[in-house]
Structures are given as structure tokens and as C-alpha cells.
Amino acid sequence: MVESATRQCVKAYYRLLTQKLETSPRYLYDQKKSYSLNHIWKKPWKKRNFGIYKIVKPGKVSEENLVPDVINRPPYVGETVLPTNVPQNIEIKNTIQIDKMIQSCKLAKRILDVAGNSIEVGKTTDDIDKLVHKLALDNGAYPSPLHYKGFPKSVCTSVNNVACHGIPDDRPLEDGDIINIDVTVYLNGFHGDCSSTFLVGNVDEKGRKLVQVTKECLYRAIEHCKPGRFFNSLDNSYPGRMLPGMTFTIEPVIAQGSENIVILEDGWTAVMEDTGRAAQFEHTVLITETGVEVLTQC
């Protein structure tokens with residue numbers, strides 16, 4: 001969830017895969033649109049056959065989870081504004097820093113795996129939030145999303161037409177849903193970040209294809225990474241080359257129809273403007289002397 005240097009890093013690769021989806025998915029761009037809930041839910045959209053699924057609307061959000069004082073917090077917790085001394089370029093990490101990154105990333109992946117295995121019809125995304133929160137604390141880590149720019153929960157859960165940054169609430173998961181769980185933990189001064197999209201019960205063919213193609217985009221992009229390669233070969237906006245010691249996330253979001261998103265009134269939840277589904281997968285990677293290493297895998 002924590003902002004990455006390669007936000008749109010699979011633009012080049014999704015084009016190779018769009019023919020696999022009948023609805024021609026487009027890469028999700030960072031849109032600056034904001035509407036009231038009445039606008040997004042009541043607008044007479046041009047209907048398209050995106051498959052069989054329920055359109056998700058925000059539910060009731062429970063009180064935030066508490067964090068014991070003994071848990072080390074990231075710098076943004078308790079601050080009304082984010083630090084202004086954020087590095088403008090990707091840091092070249094030394095061996096000690098990389099070792100700490102590996103620890104936080106492996107923990108994030110273990111928590112993601114447990115959360116994914118817990119998914120079942122009837123479970124709420126709030127249940128998933130409580131599970132992720134507990135697992136982070138039990139391992140001495142802070143759940144990074146909590147209080148990041150005011151985010152009220154410990155994990156992002158994005159279901160069906162929610163593209164990303166969904167806030168866990170009381171909506172029960174339904175048969176045929178797809179859900180992205182985005183886990184980030186802060187351990188020993190470093191964030192580990194990863195996400196996967198999971199199938200809930202019997203998902204229709206179009207939903208399964210969407211998830212399959214999005215996952216393939218992630219791994220195609222990872223294969224593209226190596227020392228000396230320009231970032232803009234993945235992302236049109238980020239300058240510079242990949243160098244050994246750099247760590248960053250790759251996190252493609254693929255939509256069934258339009259690339260346009262709407263940020264809901266909570267300031268976080270990004271939903272597809274045409275109410276189609278979206279899927280996301282994410283890994284944190286390290287550029288090595290010879291290629292790339294995925295840190296968020298066990």
C-alpha cells in the first residue's frame with residue numbers, strides 16, 4: 001500500500017495480454033476524479049457484459065485496532081502531515097538494510113498467505129483486517145496502512161469493482177467475489193509490501209481470466225527488471241535506471257473495461273467508474289548485480 005516508485009510499471013506488458021480478456025482490459029491509471037456516492041451509484045452507465053458478480057458499495061467501518069506502545073511505529077504515525085524529507089530517488093541499500101528488508105518482506109508474505117487461506121463465503125473484510133492486525137503485532141511489526149495519510153485500518157481489501165485501497169468493513173464476502181488483500185508491515189525500520197487477488201467460491205470465467213492475466217502481468221514485469229534497465233521501460237513517468245541495491249514494488253492493477261476510477265468520499269476507496277471488476281498483484285523486488293530477486297516470497 002505504501003506509495004511505490006513504479007506505480008504504473010507494467011504498462012508495456014499489459015498490452016501483450018489484453019487479447020486474453022474479451023472485454024479488453026486497460027491498465028489502471030492514477031485518476032484525480034472525485035464524485036459523491038450518488039453520482040457513482042446512480043449514473044446511467046453504458047452496460048457491458050463484465051460477467052457475474054455483485055457491485056460492491058461501502059459498508060460500516062468498525063473502530064480502528066489498537067497498537068501496543070512496545071511496537072515500533074513508522075515516522076508518519078501521529079503526525080498531522082507527512083515528512084517532507086522524503087528521498088527523491090530510490091535509495092541504494094547496503095547489506096544490513098537489505099537483510100532487514102528481507103525480514104519485513106517475508107513477514108508480509110506469510111501474513112498475506114494466512115489471510116488468503118482464511119477467505120470463505122460469509123467472512124467480512126473487517127474479519128480479515130483483524131486477522132492481519134493480530135498477525136503483524138504477534139510478530140513485532142506495525143501494520144503499515146494504519147494511520148498512513150489517515151487510513152483507518154490495518155490492511156487494504158478491494159472486492160470486485162473496487163480497484164485498490166478498499167477500507168475493510170462489515171460486508172460479508174459472497175460466492176463469486178474476487179478480493180485483493182494488500183498487506184504491508186513495518187519491521188525493524190523497513191516496510192514489506194505485497195498483495196494478491198483471491199477467488200471466493202465459484203468465480204465466473206471472466207473473473208478468473210482477469211485474475212490470471214493480472215498475475216501474469218506482474219511476473220512479466222519482474223522478468224523485465226535488471227541492472228541498467230530504464231524504469232520508464234516499465235513506467236512512462238519514473239526517471240533513471242535500475243541499479244543493484246534498489247528495492248521497489250511492482251503492482252499492476254488491471255481493469256475489465258475503462259481505465260477511469262473514482263475516489264469515494266472516504267478519500268481512499270478507488271472504484272471503477274464503469275463498475276467493472278479490477279484485480280491486482282504485487283511483489284517487492286531487489287535489483288541485484290545479475291538480475292532481480294523477489295523479496296516477498298517464502
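Which residues in H5 are buried?

Author: First, the ground rules. This is a predicted model, in which local features need pLDDT of at least 70, side-chain atom pairs count only at pLDDT 80 or more, and totals for chains, interfaces and linings use all residues. Residues are numbered from 1 along each chain as its sequence is written, and side-chain values use heavy atoms, with hydrogens and water left out.

Now the helix. H5 covers residues 205-224. Its buried residues are Gly207, Leu210, Val211, Val213, Thr214, Cys217, Leu218, Ala221, Ile222 and His224. Buried means under 20% relative accessible area; exposed means over 50%, and partly exposed lies in between (1.4 Å probe, protein chains only). Helices are DSSP runs of H or I with at least four residues, strands are runs of E with at least two, and both are numbered from the N terminus.

The length of H5 can be checked. The expected span of a helix is 1.5 Å times one less than its number of residues. H5 has 20 residues, so it should span 28 Å. Its end C-alpha atoms are 29 Å apart, which agrees.

Strand E4 is 162-164, and strand E5 is 178-187. His165 sits in the loop between E4 and E5. Its phi is near 60°, a positive value in a residue other than glycine. His165 is buried, at 18% relative accessible area. Asn188 lies in the loop between E5 and strand E6, which is 190-199. Asn188 is not a glycine either, yet its phi is positive, about 55°. Asn188 is partly exposed, with a relative accessible area of 41%.

Arg110 belongs to helix H3, residues 95-117. Arg110 counts as partly exposed, at 43% relative accessibility. Leaving aside neighbours within four places in sequence, Arg110 is in contact (heavy atoms within 4.5 Å) with Asn139 and Cys298.

Finally, the whole chain. It has 5 helices and 13 strands. Of its 298 residues, 55% count as buried. Among contacts between residues at least 6 apart in sequence, 73% join residues at least 24 apart. The chain exposes about 13,800 Å², by the Shrake-Rupley method with a 1.4 Å probe. Carbon and sulfur atoms supply 50% of that area.
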